[in-house]
Amino acid sequence: MSAPPFASQQRGVATGMAAAAGVTIVAAIVALRWGGGLLPAMPTTADRLAFALRCDIPVVATLLFAIAAVAARRFFSAADVDGAAFAPATPPVAIGRALLANTHEQVTLAVFAHLALASVVREREIALVPVFAALFCLGRGCFALGYARGAARRAFGFGFTFYPTIVALALAARRLLR
């Protein structure tokens, strides 16, 4: 099976990323409009930070799953069992390591963004944090499922992970600059 032409891949990536951006915007609007009323009162910054940390448990769990997936692939592969320092990775382990590296980067940024947002939002706006954490987890799943099938197939998952983090950071920065 040969790779699709570059221009086709670019269109696929752009489409996936645009769809993820659209869903992120809609989810943020819904969270801001109706989500705050569904949550308990969190009048202090400490309350909101603790809430954000609880929301990020599944986010961090995606990193745990990525680590476990690489470990399992290595355990069941004679060529990979000794680790990366001793032989080039087989394709399944190389894919797992790429997913792990990207997940690590994304988790680090997302947890910081969620905490930054929680530290500056008004009480009802905290509803963005669980929504963004949920989108992150769904995005990681989509990214992992599409990864081996090419850039266009993983673009939505990447965007679904990345855009909520960007929005959280932008909102936190905007609030700080006021």
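**Overall architecture and the setting of Thr165**

From the N terminus on, the elements of the predicted protein run α-α-α-α-α-α. The protein has 6 helices and 0 strands. Both kinds of element are DSSP runs, numbered from the N terminus (helices: H or I, at least four residues; strands: E, at least two). Residues are numbered from 1 along each chain as its sequence is written, and side-chain values use heavy atoms, without hydrogens and water. In this predicted model, local features need pLDDT of at least 70 and side-chain atom pairs count only at pLDDT 80 or more, while totals for chains, interfaces and linings use all residues.

The C-alpha atoms fill a box of roughly 55 × 40 × 30 Å, taken along the principal axes. Of the contacts (heavy atoms within 4.5 Å) between residues at least 6 apart in sequence, 75% join residues at least 24 apart.

The protein exposes about 9800 Å², an area from the Shrake-Rupley method with a 1.4 Å probe. Carbon and sulfur atoms supply 71% of it. Buried residues (under 20% relative accessible area, 1.4 Å probe, protein chains only) make up 35% of the 178 residues.

Charges were also located. Lys and Arg count as positive and Asp and Glu as negative, with His and the chain ends not counted. Each charge is placed at NZ of Lys, CZ of Arg, CG of Asp or CD of Glu. The mean positions of the 16 positive and 7 negative charges are 10 Å apart.

Thr165 lies in helix α6 (residues 151-177). Its relative accessibility is 1%, so Thr165 counts as buried. Neighbours within four places in sequence aside, Thr165 is in contact with Leu109, Ala110, Ala113 and Phe136.

Conventions: Buried < 20%, exposed > 50% of the residue type's maximum accessible area, 1.4 Å probe, protein only.
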